[in-house]
Amino acid sequence: MKFKRKDFFKALALGTISLPFAIRGFGGNANAQDEGASTLSGERFKWKMVTTWPPKFPVLGEAADLFAKWVKEMSGGRLDIKVFGGGELVGALEAFDAVRSNAADMGCGASYYWAGKAPASQFFASVPFGMNAQQLNAWILCGGGMQLWEELYGSLGLVPLLAGNSGVQMGGWFNREINSMADLQGLKMRIPGLGGKVLKRAGGAPVLLAGGEIYTGLERGVIDATEWIGPYHDYKMGFHQIAKYYYAPGWHETGTALEMFINQDKYNQLPNDLKMIVQTAAQRINIWMLSEFETKNSIYLKKIIDEGEVELRQFPKEVLAELRDHTRESIAEITAADPFSKRVYESYSAFQNQISNWSEITEKSFYNNIQLS
Ligand code: CA
């Protein structure tokens, strides 16, 4: 039976429209009834979470700790997760394999770290000139992205959770002005992942440096430029003391999604209410992290401008247009080599096209025309 518009208003008037959703939301996933007996069991679980961040790393590491705290509180201590910073139990970039092999129960990071293992994973974190946080959340949570992510990680024995977003990052710190593509030629820049590959296509020289080596590298001229995250983390790194120009926007990370991943067997052992607690805590982290990034970045951008001698710049439009073309070529290479990447990117880019039309007349107009301050 088709649900007609007039039925919708009738249901609304009766206050019944939210009822089916409320019941489903409370009970958990579609299997909730079958496994209802295990719900609210007294069984206790102790898990280890490995992270790709240094212990207590601002926002990202804090999110892992908050997640564990909320899960413990919501479950009355039935699911107790101990968080390990990168290097404490396994190396930061070993987190993915550690969870797959059961050396840890869950992990957190960003899915583009695993592009070498599963190329399609990067589309769930960030691609240059990709979607922003709001759009990416829409694709993953409501536009089919999560189903693809679950399929990909499921084939690797993992369950993915969307768990945060950095918002639009900054383009990075430069000791030379970027006025045209000529200024990118030979530019030694610390910029990892696909952004680095795009820079290389454009004539630059991406350099791989660990977090702890970036400051001295930039200070001593080993590199000409570096990207990091945004004003809050960048300020803590001290880049405003040694770089001349701070460029926006982060064309290479337009709203990087963060993730958690759980060993599939371990997840399946949980009763349904604990599964729902895990899912709900991840969603709370998702909105908390973006809100925390936006708040802290706005505060620290002002500090950088007030305290440093840095010039804030925007990349020229022509430079961004060329980098966009190089990005298309890079993505075409990935999707030609990996069928699952092709499937994921088809879904991603169709959604990006669709939502861009909507954002154009609403979000863009908001930023251009209707703000009070
Ligand atoms: Ca970054």
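Reader: How many aromatic pairs are there by the rule for rings?

Author: A pair of aromatic rings is described by the distance of the centres and the angle of the planes. Rings of Phe, Tyr and Trp (its six-membered ring) pair if their centres lie within 6.5 Å; planes under 30 degrees apart count as stacked, over 60 as edge-to-face and the rest as tilted. The count here is 24 aromatic pairs. One of them is edge-to-face: Phe 96 and Tyr 153, with ring centres 5.5 Å apart and planes at 75°. This is a predicted model in which local features need pLDDT of at least 70 and side-chain atom pairs count only at pLDDT 80 or more, while totals for chains, interfaces and linings use all residues. Residues are numbered from 1 along each chain as its sequence is written, and side-chain values use heavy atoms, leaving out hydrogens and water.

Reader: Are Phe 96 and Tyr 153 buried or exposed?

Author: Buried means under 20% relative accessible area, exposed over 50%, partly exposed in between (1.4 Å probe, protein chains only). Phe 96 is buried because its relative accessibility is 1%, and Tyr 153 is buried at 0%.

Reader: How is the pair of Trp 114 and Phe 261 arranged?

Author: The centres of these two rings lie 6.0 Å apart and their planes stand at 85°, so the pair is edge-to-face. Both Trp 114 and Phe 261 are buried.

Reader: Which residue lies over the face of Trp 70?

Author: A charge sits over a ring if NZ of Lys or CZ of Arg is within 6 Å of the ring centre and within 35 degrees of the ring normal. Over the face of Trp 70 lies Arg 284, at 3.7 Å from the ring centre.
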